[in-house]
Structure formats: C-alpha cells, structure tokens
Amino acid sequence: MRRLKSFASIAGALALTLSLAACSSNQDSGAAGETAPAEVAAQEMDTSVCKGLTLNFIGIAGEEGDKELASFRSDLEMKLQVSNNADWGQLIGAIKVGQEFDLSTLPNAEAQRMIATGVVQEIDTSKLTNWNDVVQGLRNSSIIRNADGKVFGVPIAWGDGPIVYSTKRVPTPPTSITELLTPAWKGRFTMFDDPALPFYMLAQSLGFTKVPLLTFDELNQVKAKAKTLVKNASAFQTSYQDATDRMVAGDVDLTIGGWEAMTAWAGKKEVELGYSFLKEGKGGGWFDSIAIPSTAKHPECALAYINEMISPKTQGVVATNLMSGATNAKAVPLISAEANIYDYKLVESETPGIEFVSFTPPNSVPDGYATMDDWRKAWAQVKVG
Amino acid sequence: MSIEFSQPALVRIRNWRWLGPWLQLSPAAIIYAIFFVAPVAILVTYSFYTFREYNFDSDLTFANYKYALTNEVFRTLFLRTIKIATIVSALVVLLAYPFAWILTFVLPKHRQILYFLVVLSLFGGYLVRIYAWRTMLGREGLINTTLVSIGLIDEPVRFLLNSQYAIVVVMVNFLLPLGVLPIYNAMQNVSPKLIDAARDLGSGPGHILRRIVIPLTMRGVVTAVAFSFIATAAEWVTPLLVGGTGDQMVGNEISYQFGTAINWPLGAALAITLIVAVIAFVGFIFGLLRLVIK
C-alpha cells in the first residue's frame, strides 16, 4: 500500500509537471496560434475544497469539462464521474428521486422548469471570481434566475439552432420548415423525438406569434402539419452523433435538430456537412448553463469547478471543442479559427441580439392555452399518424 | 448400537420433511424475489399513482390503466407491436425448423460444430449487430450497392432501412439462434427408427413431417415462439435505431413516458399492460398450435 501511495505521488507529480509544461507551452503558442495576453489568465479561487473529491455530473456530453479540466482535476487529485442524459426528463427525474449529483447542465429551454421544481440550488455568484467576465447578455438573463432574481445557473456555452445537411446531396438547403412537408423531402431527414422544435417552428410558419403559448385550436392546426412532417422524416435521431452518423453513411441528407459541432465530427470522417437556418428558427438561440443540483454532496467544490469552467482559458477550449459560443469574452482570442463562427456582439450587450426562447409552454399557462402535457399528448397522436 | 427415536420425535421429523425441497430452492427463490418479484411489485405499485408537475401523487387510481386501454394512440402501438412480434416469431420458426432438421438428420456428423456456431452467435454484441445491419441496409450499404451494380435497380432504395422491414430483419437475425436451440433439442426425441418405420409402411415425407416429426417437436416449437414473441414485443432499441418515425412500438412509448415525460405511473401501467397482453397472446398461440396438431 505504501509503495502504491509513493507511486501515485510520483505519478501525480510527473503529471502535474507535464501538464504545467503543456499549459505553459500552450500559453506561449496560444490554442488559436496566438500569444495569450496576461490579462486572460484565470482569476484564482480557493480550490482546496476539492482536494481528493469525486464530483458527479449529469448533463450533455462535452459540457462537463472532462477534457478541458483534466489538469485542474489531476492537480487536486479529483475525479469526475459523468452521466449523460438521453433527455431532460431523465435528468430531472434522476435528481427528483434523490440521486446525488454535484453538477448538471441547465439548458435555457428547461431552466425555468428546473428552477421551479427545485432540482437545482441557488449559486452564490459573489464567490465566482470569473462571474463578471461572463458576457452581459447571458449573465443578466432572467432565464437562469428565479422570481427573486437569484441565480441558479452559470452560462458555459451558447449558440444558434441550425439545420445541418450533406453538401453533396443538398446543393441548396431549405429555407423554411414548410419545404420539408413536400414529397421532395420524403425519407431524407431526421429529427429528435420531441415536440418542442417542430411544434415551435410549425406554429411560426402558421403565423402563431405567441408560441410557445398556443390555444387548443392552434395546437390542432400545428398537429396536422406535424403529422405530415413526421411522416416525411426518415427516422428519429437519438443524438447529434447519431444524426451525424446517418448523414455520413448517406442514409439521410439533413437534420432539423442540428449543431455546428456535427460539421467537425463529419469532417474527421472526410465527409462535408454544411449548416444553415430555417427562417422559423432564425434569430433564435440556445445557451447552456452549469448548475448545482439540490442533491449535491460537494456544493463548495462544485462552485470552484464552475468558476474554472468559465475561466478564459477553459472557455477557449470548450468553445473550440464544442464549436459553440464562449461565455467569457476574454476567451474569444483563444478559440480556434474554425470554431470562432459566432457574432459576440449578439451577447455582449445587456439586451442580447439573439432570442433565447423556450420552445415549450411554461409551467403554468393562462386559461385556454395548451400545457406541456397537452403538447406531449398531441405529439403521441402525431407519431401514430 | 442403534439410535431409537420415540414415536413423538419421529412424527416431528416426518412433519418437517416437506421443508427440505423448499429449503433447497430458497437461494434461487431469494434471488428471484429480489431481482424479479420486487421490481415488478414496485412497478405495479407505481402504476396506480399519478404524476403532476414532477411530483408523484400516491392516492391509488386506475386512471393510468383506463388511459392505456382506451387511448387510441396506445391501442395503435399495441396492435403494431403484436403484428411485428407475430411476424418475427413466425419467421424465426420457419427458418429455425429446417436448420434444426439439417443439424439432426442431414448433417449429424457435423452437428456439434454447427451447434457450437449457433451458440457462438449468441455472444455477439446486440448493438454491434444492429449497427452492422444499419450499414448493410443503408442507402450506400452492401445490399443497395450490389443491386445497383448488377443493374436490378437504378437508384438505391430507401425502404430497406428505417422501416418495419428493417426491424423484422434485425430481430429475426438476433432471435434465430434462440429458435434453433429448443427445436433442435426437441428433435433429439425423434428416433430415426420411427421415421424409417413410417417410410417402410408407405408414408411420404410430407406425411412423416406432419404426423410424426412436428407433433414430437411441438414443445420445441412452442418454446421458440415464446422466446421470439416475448423478446420482440418488449423491444425498443431496434425500432429506435433501424425503424422509421411511424414504426415505434410499445417499448418506445414506455421509454418515452419514463424518460422524457417523467410520467412513471403511466409508463408502469403501459409496461404491466404489455406483460399481461403478451402472456395472454402467447397462451392463445400455444392453444392454437396444440389444436392444429391434434
């Protein structure tokens, strides 16, 4: 046992030395091929609370800092256990039944629901030394706050909502969701098994401007269109990776539920994918935050980890890896050229120029409007035709 | 020196003798109770709850069962599931029976190696096989490229993948070994001398098959049908990965209720209803097969 501990200490010291050398060489050359200015070095927070701990994360793959914070964890002899949820209901259910998680993804579309149901706890942003560097448009968002203005999530990534398509088989991408209702698109695209995006976009195409608030009559009209859309779709994709695989294999030509990262994944397999926007979804975006679930065993360490996630250096790498927008403005020079595709003016001002809408009805809706439960029942009817 | 027991002691020992077999069963029974009975009991209990705004209401109600049995959506999914499971189990038996016959009567010298190959195929990863079929059935897969290259079709066809056809092909491929094994084992009870005697008495091959071999192997056929039907009826991964948007089965809806909708009570009610429906349908098939044979 003593030999094992000695070996572990030597290995840890070696890893620390190597990672420090790598970090310093990265800082010398810069992740984006530029020299990182001194002011982008991460501000320090007391991370000793994390020593030797294991943090449990549940959420989207790639947003847990597994690769990006590997050296941070090894310095503190920390571990990270990752669970990736298949959908948001699964994440909420896991926390509600008492499973212990220290960190979770808080997507903008589900944030208010998760805050209202008490699955995430308040974050004391005064302890986050990097909080004030988070772009205003996200930092001040009401989406991550409860009615009292308390913060429940820290933004770590943002983006828009593209369609992704095979440039070989789709010379001109569609510009409206209504094009996908035509016979020309029969069996050529995939979508997620979720009513949120299709109902939202179809409602927009029908001119229902109050969406996600829909009357029952409006919901029925949306449902009728959605039946055609689902019949035309080839399959339900299980994940962004699944949709990418299907396009790389040539089985489908396009996905409605897309992400710019898919072009990078396909590029590794030497297949070219492009991305574009349907007018019904243009101007809309998403942002994911990282939150501390109500069942967290190590909330103080989780806070330190979150602070590290929004540091300029980490944000530069996260944005490069995920091809998403960085939430720390100081990270922008550190993002690779290929991934630096977002207009940061959209999120730098207090009123963002991009609309982070929730595609689904809120927890309580006015009388005469359809609830989320009504949307789910309608979706079940859409799927059986 | 012999030990003599008094009469009352002998009666006491005899009264407890019945306990012996049950004690021998107890390790398996305990495991069965923990890993099967208890989870099913929890599922049944949940099926009588309701779910509102991410909280469970434990006031017991039949509302979920009423919804599951009367809702048109679930009725459509159940019928589709029964249809696919029936087609799969019929195809499994139709393909497994001749293979088991070949193993038993045509290539008896090679039966061990062939039997081993059948068992070996069971160790192949389930997901790996599904993805392999996705590659073969895809638009640029082996089947389409072959058909295009030999000129049978001008363009790749899309219906091979993301269809009920693909679900059936994958399930039959996966379940065929489970069909071969019980039928093959049942065929061991068919003595070649019986077949020889029937031939000597003037029976043709069809008559021998119908009146001798099939009745004697019926138990194996029934087991193969049960394995295939039950496994297919509970499927949700295969329809998800190779089925189309209109090919979802009850398993997909159960997964949706437990996952996305977090409506565990309704998901539990669907699961229990599926179990009862499958047991009833398999029992019906058993009875039908026995009637046909008589």
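**Reading a two-chain model**

Mentor: Start with one residue. A:Met372 counts as partly exposed because it has 18 C-beta neighbours inside 10 Å. The cut-off for buried is 20 or more, and for exposed 12 or fewer. Keep in mind that this is a predicted model.

Trainee: Where is A:Met372 placed, and which residues is it in contact with beyond its neighbours in sequence?

Mentor: A:Met372 sits in helix H13 of chain A. Set aside the neighbours within four places in sequence, and A:Met372 is in contact with A:Thr360 and A:Pro361. Now take a pair at a distance. A:Met372 and A:Ala243 are 129 residues apart along the chain, and 26 Å separate their C-alpha atoms.

Trainee: How many residues does each chain give to the contact between chain A and chain B?

Mentor: In general, the size of an interface is often given as the accessible area lost when the parts come together. Here we count residues instead. Chain A supplies 27 residues and chain B supplies 21 residues. On the chain A side, the elements giving two or more residues are helix H3 (88-96), helix H7 (216-232), strand S8 (235-237) and helix H13 (372-384). By class, that side of chain A holds nine nonpolar, eleven polar and seven charged residues.

Trainee: What domains does the assignment give for chain A?

Mentor: A domain can be built from separate segments, as in this chain. Domain 1 covers 37-159 + 286-348, and domain 2 covers 163-283 + 359-384. Their centres, taken over C-alpha atoms, are 27 Å apart. The contact between them takes eight residues from domain 1 and eight residues from domain 2 of chain A.

Trainee: Which element gives the largest share of the domain 1 side?

Mentor: Helix H4 (residues 108-116) of chain A, with four residues. The domain 1 side divides into five nonpolar, two polar and one charged.

Trainee: And the core? Which residues touch the most other members?

Mentor: The largest one has 164 residues. Those touching the most other members are A:Ala302, A:Tyr305, A:Ile306, B:Ala166, B:Val170, B:Ile183 and B:Leu270. Helix H8 (residues 164-187) of chain B gives the largest share, 14 residues. Domain 1 and domain 2 of chain A each give at least three residues to this core.

Trainee: Take B:Val170. What is it in contact with, leaving aside neighbours within four places in sequence?

Mentor: B:Val170 is in contact with B:Ile130, B:Trp133, B:Thr238 and B:Val242.

How values were computed:
Residues numbered from 1 in each chain as written. Chains lettered and ligands numbered in written order. Predicted model: local features only at pLDDT ≥ 70, side-chain atom pairs only at ≥ 80, totals over all residues. Contact = placed C-beta atoms within 7 Å. Nonpolar A, V, L, I, M, F, W, Y, C, P; charged D, E, K, R; others polar. Domains from an automatic or database assignment. Core = buried A, V, L, I, M, F, W, Y, C linked by C-beta atoms within 7 Å.
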